[in-house]
Amino acid sequence: MIRLGEVVAFTNGKARPSPGTGYPTYGANGVIGTAGRFNAERESTIVGRVGSYCGIVHYARERCWVTDNAIIATAREGVNPRYVYYLLKGLGLNHHRIGSGQPLLTHAILNGLPVRDVPRPGQDAVAEILGALDDKITANERLASAADDLVRARYAELAADAPGSVRLDGLGRPVTVTVPAADIGPGENYIGLEHIAKRHMWLSGWAGASTVLSTKKRFQAGDVLFGKLRPYFHKVGLAFTDGVASTDVHVVRPVDARHRGWLLAALSSDEVVAHASALSDGTRMPRVKWPDLARREVPWPGEPRAREFGAFVDALAGRVEAAAAESAALGALRDALLPELLAGRIEATP
């Protein structure tokens with residue numbers, strides 16, 4: 001065994017610079033924006049240093065800026081940089097933090113952790129095996145982003161030439177029936193606001209409902225979920241599964257399944273989200289009510305084009321759903337292999 005500091009060098013990030021573009025900015029829990037400068041090189045590993053995300057690990061493929069809420073982990077000479085990422089990910093760094101009110105990881109803690117002394121060929125093999133899984137997951141995420149862009153572009157094109165308009169409640173109806181926590185099975189799926197990505201219309205992530213302790217709303221695959229709390233966060237997406245949702249989400253079911261795509265694109269449009277934000281009630285925790293949202297007029301391209309658009313969105317959604325399911329399986333495989341490879345219980349042969 002050797003000490004972690006013998007294979008990895010640690011430096012603290014720095015205060016976030018003035019806004020800029022060109023380089024992603026990492027905080028304790030991943031990318032939080034962009035910057036015009038960088039303080040970490042390609043293939044760095046970013047470790048949450050302080051707070052609730054202390055010990056969370058991210059891999060930066062490109063140069064980036066790392067804030068002072070995180071630590072930059074750099075492979076020492078002769079060490080595979082991507083192996084360092086998986087090594088740190090497998091160490092469960094959040095279990096080594098100190099402090100209760102404000103958890104903290106220090107260089108001294110990190111440098112002193114015992115790790116196996118793995119020769120470079122073994123490091124390369126671990127990085128190649130696990131990296132191949134993560135690369136495929138990343139490719140699937142890019143497919144979902146491209147599908148999102150295609151839907152928005154096609155919607156904008158049709159909306160610009162639309163001969164009429166329709167109210168949102170002509171396209172969708174709210175699901176208002178709630179279910180108490182006692183009636184929610186532990187094996188059901190749960191989607192809260194934290195599972196809905198900003199400005200991303202595919203809901204490919206959820207959690208188990210085993211920890212749900214309060215009343216929720218039921219939803220079905222094909223429903224559109226609209227984050228009503230702080231709607232300016234732009235959390236709107238299409239559900240790929242049945243489950244229960246936070247009551248801070250409007251569950252909207254298409255009046256006609258053939259118009260599902262138009263409903264999704266309209267609710268997820270910048271114009272509707274801005275409208276919802278303007279109508280929100282509350283100062284600290286603003287929420288938009290469905291009746292206020294329902295009266296919003298959105299462009300209507302006519303029945304034939306709306307159905308054609310719906311078929312287009314359904315086809316893309318099917319591809320994204322399949323890719324998301326593949327990514328979930330690959331992620332589970334990666335997480336199962338990670339501790340075995342790092343411990344040497346499985347021979348790392350790419």
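**Entry 1: Glu-43**

I began with Glu-43, which is partly exposed, with a relative accessible area of 38%. I was working from a predicted model. I placed Glu-43 in the loop between strand E4 (30–35) and strand E5 (44–48). I then looked up its backbone angle: Glu-43 is not a glycine, yet its phi is positive, at about 60°. I noted for myself that most residues other than glycine have a negative phi.

**Entry 2: Arg-230**

I looked for another residue of this kind and found Arg-230, a residue other than glycine whose phi is positive and near 50°. Arg-230 sits in the loop between E17 and E18. Is Arg-230 buried or partly exposed? I read a relative accessibility of 27% for Arg-230, so it counts as partly exposed; the buried class stops under 20%.

**Entry 3: the whole protein**

I stepped back to look at the protein as a whole. I counted 7 helices and 21 strands. The C-alpha atoms fill a box of roughly 70 × 45 × 45 Å along the principal axes. The protein has 350 residues, and 47% of them count as buried. I also checked how far along the chain the contacts reach. Among contacts with a separation of 6 or more, 75% come from residues 24 or more positions apart.

**Entry 4: strands around E8**

I followed strand E8 (residues 70–75) to its partners. Strand E2 (residues 8–12) pairs with E8 in the antiparallel sense over 5 bridges. E5 also pairs with E8 in the antiparallel sense, over 4 bridges. Which residue in E8 is the bridge partner of Thr-11? I found Ile-72 in that place. I then looked up Ile-46, and its bridge partner in E8 is Ile-72 as well.

**Entry 5: an open sheet**

I traced a sheet of 5 strands, which is open and runs in the order E12-E16-E19-E13-E15 with mixed pairing. Its edge strands are E12 (178–179) and E15 (207–208), each of which pairs on one side only. Strand E16 (residues 216–219) and strand E19 (residues 243–245) pair in the antiparallel sense over 3 bridges. In E19, Val-244 is the bridge partner of Arg-218.

**Entry 6: the nonpolar cores**

I turned to the largest nonpolar core, which has 37 residues. Which residues have the most contacts inside this core? I wrote down Trp-202, Phe-226 and Leu-267. Several elements each supply at least two residues of this core, among them H3, strand E17 (224–227), helix H4 (260–267) and helix H7 (303–343). Another core, of 36 residues, lies apart from it and includes Ala-73, Leu-113, Ala-127 and Leu-133.

Leaving aside its neighbours within four places in sequence, Phe-226 is in contact with residues including Pro-231, Val-236, His-250, Leu-267, Ala-276 and Leu-293.

**Entry 7: Ala-147**

I found Ala-147 in helix H3 (residues 120–160). Why does Ala-147 count as buried? Its relative accessibility is 4%, and buried means under 20%. Not counting residues up to four places away in sequence, Ala-147 touches Trp-202, Leu-316 and Val-320. I also compared its position with that of Ala-73.

**Entry 8: H3 against H4**

I reminded myself that two packed helices are described by the angle between their axes and the distance between the axes. H3 and H4 pack at an angle of about 95°, with their axes 10 Å apart. That angle makes H3 roughly perpendicular to H4, because angles of 65 to 115 degrees count as such.

Which residues of H3 meet H4? I listed Val-151, Tyr-155, Leu-158 and Ala-159 from H3, which meet Trp-262, Ala-265 and Ala-266 in H4. By class, the contact of H3 with H4 has 7 nonpolar residues, with no polar and no charged ones.

Last, I checked how covered H4 is. H4 is mostly covered, as 8 of its 8 residues are buried. Among the buried residues of H4 I noted Arg-260 and Gly-261, along with Trp-262, Ala-265 and Ala-266.

Note on methods
Residues are numbered from 1 along each chain as its sequence is written. This is a predicted model: local features need pLDDT of at least 70, side-chain atom pairs count only at pLDDT 80 or more; totals for chains, interfaces and linings use all residues. Side-chain values use heavy atoms; hydrogens and water are left out. Two strands pair if DSSP finds at least two bridges between them. Buried means under 20% relative accessible area, exposed over 50%, partly exposed in between (1.4 Å probe, protein chains only). Contact means heavy atoms within 4.5 Å. A nonpolar core is a set of buried Ala, Val, Leu, Ile, Met, Phe, Trp, Tyr and Cys residues joined through side-chain atoms within 4.5 Å. Axes are lines fitted to C-alpha atoms, for helices over the stretch in contact, and angles run from 0 to 180 degrees between N-to-C directions. Angles under 35 degrees count as roughly parallel, over 145 as roughly antiparallel, 65 to 115 as roughly perpendicular and the rest as oblique. Ala, Val, Leu, Ile, Met, Phe, Trp, Tyr, Cys and Pro count as nonpolar, Asp, Glu, Lys and Arg as charged, and the others, Gly among them, as polar.
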